[in-house]
2 protein chains.
Amino acid sequence: MKKNLQRSECPICRSLDLFGDKWSLLIIRDLMFFGKATYSEFLKSAEGISTNILAVRLQMLEESQLLLRTEHPDSKAKVLYKLTQKAVDLLPMIVEIHLWAEKYLTITPETEALIEEVKNDKEGFITKTMAALCARI
Amino acid sequence: MKKNLQRSECPICRSLDLFGDKWSLLIIRDLMFFGKATYSEFLKSAEGISTNILAVRLQMLEESQLLLRTEHPDSKAKVLYKLTQKAVDLLPMIVEIHLWAEKYLTITPETEALIEEVKNDKEGFITKTMAALCARI
DNA sequence: ATTTTTGCTTGCATTTTGCAAGTACAAATG
DNA sequence: CATTTGTACTTGCAAAATGCAAGCAAAAAT
């Protein structure tokens with residue numbers, strides 16, 4: 001992965017560079033909310049990421065210290081990806097994206113349940129989910 | 001602008017597609033916080049977007065109904081870009097990105113002031129800024 | 001011993017980007 | 001009134017990133 005030479009000094013820009021693009025954020029979302037944690041699970045995920053892009057994104061996220069590649073307890077063939085604290089701290093932002101998306105886009109059923117929970121008690125949801133995710137780090 | 005054929009049904013994915021990429025979000029940020037509203041202002045902005053990309057992004061944002069192209073009161077040569085309600089509603093998400101960026105990235109001075117204000121009183125900042133932005137729609 | 005699963009890599013055509021240059025119209029300047 | 005400057009773009013082209021299909025080595029299952 002060659003880096004783009006013309007880079008902004010703007011933190012928003014750099015923070016978005018960390019994700020690389022939507023795919024990276026979707027991987028994080030899969031880990032946060034949908035219990036996905038392996039390469040093939042991310043690949044099978046509804047979004048339809050292609051395998052080479054997934055590989056590159058996982059590398060980028062690991063380099064950015066948003067993901068940790070660990071041994072899978074079930075099998076040596078598997079790799080277990082874990083969210084770091086840095087990634088878990090993205091939760092509030094991801095929640096806000098969901099709330100915005102719910103207002104302006106059509107939501108899939110699997111996401112709808114999530115958003116309903118958030119709408120009932122945003123702070124509660126964030127605290128609870130954050131604690132659950134931190135426990136797994 | 002040809003659209004990518006393989007599109008996700010995931011709302012996060014689609015919401016990020018709306019922005020196009022980091023550049024779109026930076027344009028919105030320039031409008032929200034830094035009083036930029038014309039083509040040349042976006043171009044001169046510190047981030048270093050190239051002119052053809054800026055043109056495409058402005059089109060995309062207009063098509064997505066995040067921006068409105070309006071006549072500039074000062075001159076017929078100028079175009080005044082305005083945020084729509086849909087874009088203003090991104091404020092909470094953008095605030096959360098800033099808070100995250102402040103924790104994990106090096107912040108530029110111009111952004112630092114903004115973040116300090118947010119850290120003092122997040123809800124207050126959002127309410128106040130949202131009201132100010134809505135007044136200009 | 002063979003097939004399947006898992007986590008990738010490789011090759012290649014298509015698309016998007018970055019950079020530089022150019023253009024049309026409005027406004028300012030001499 | 002002619003010319004220069006400013007504004008909002010467009011165009012062309014090389015370089016980079018993406019999407020798609022195929023391949024591949026090690027581990028696990030049959």
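Analyst: First, the terms for helix packing. Axes are lines fitted to C-alpha atoms, for helices over the stretch in contact, and angles run from 0 to 180 degrees between N-to-C directions. Helices (H or I, at least four residues) and strands (E, at least two) are DSSP runs, numbered from the N terminus. The model is predicted: local features need pLDDT of at least 70, side-chain atom pairs count only at pLDDT 80 or more, and totals for chains, interfaces and linings use all residues. Residues are numbered from 1 along each chain as its sequence is written, chains are lettered from A and ligands numbered from 1 in the order in which they are written, and side-chain values use heavy atoms, with hydrogens and water left out.

User: What angle do helix 7 and helix 8 of chain B make, and how far apart are their axes?

Analyst: Helix 7 (residues 109-120) and helix 8 (residues 122-135) of chain B pack at about 115°, with axes 5 Å apart.

User: Which residues of helix 7 and helix 8 of chain B meet?

Analyst: Contact means heavy atoms within 4.5 Å. From helix 7 of chain B come B:Leu114, B:Glu117, B:Val118 and B:Asn120; from helix 8 of chain B come B:Lys122, B:Phe125 and B:Lys128. By class, this contact has 3 nonpolar, 1 polar and 3 charged residues. Ala, Val, Leu, Ile, Met, Phe, Trp, Tyr, Cys and Pro count as nonpolar, Asp, Glu, Lys and Arg as charged, and the others, Gly among them, as polar.

User: How do you know that the copies meet through the same surface?

Analyst: 100% of the interface residues of chain B are also interface residues in chain A, so the surface is the same.

User: What makes a space a cavity, and what makes it a pocket?

Analyst: On a 1 Å grid over the protein atoms alone, a cavity is a set of points where a 1.4 Å probe fits but cannot get out; a pocket is an open set with protein on both sides within 12 Å along at least five of seven lines. Lining residues have an atom within 4 Å of a point.

User: How many cavities of 30 Å³ or more does the structure hold?

Analyst: There are 2. Helix 2 (residues 22-33) of chain B gives the largest share of its lining, 4 residues. The lining includes B:Trp23, B:Phe42 and B:Gly48. The second largest cavity has about 60 Å³; among its lining residues are A:Trp23 and A:Phe42.

User: Which residues lie closest to the centre of the second largest pocket?

Analyst: This pocket has a volume of about 260 Å³. Of its 16 lining residues, A:Glu96, A:Leu99, A:Lys122, B:Pro92 and B:Met93 are closest to the centre. The lining divides into 8 nonpolar, no polar and 8 charged.

User: Where in chain A is the pLDDT below 50?

Analyst: pLDDT is the predictor's confidence in each residue, from 0 to 100. Chain A averages 88, and 91% of the residues score at least 70. Over residues 1-7 of chain A the pLDDT is below 50. Where pLDDT is low, the predicted coordinates should not be read in detail.

How values were computed:
Points joined across faces, edges and corners; volume = space filled by probe spheres on them.
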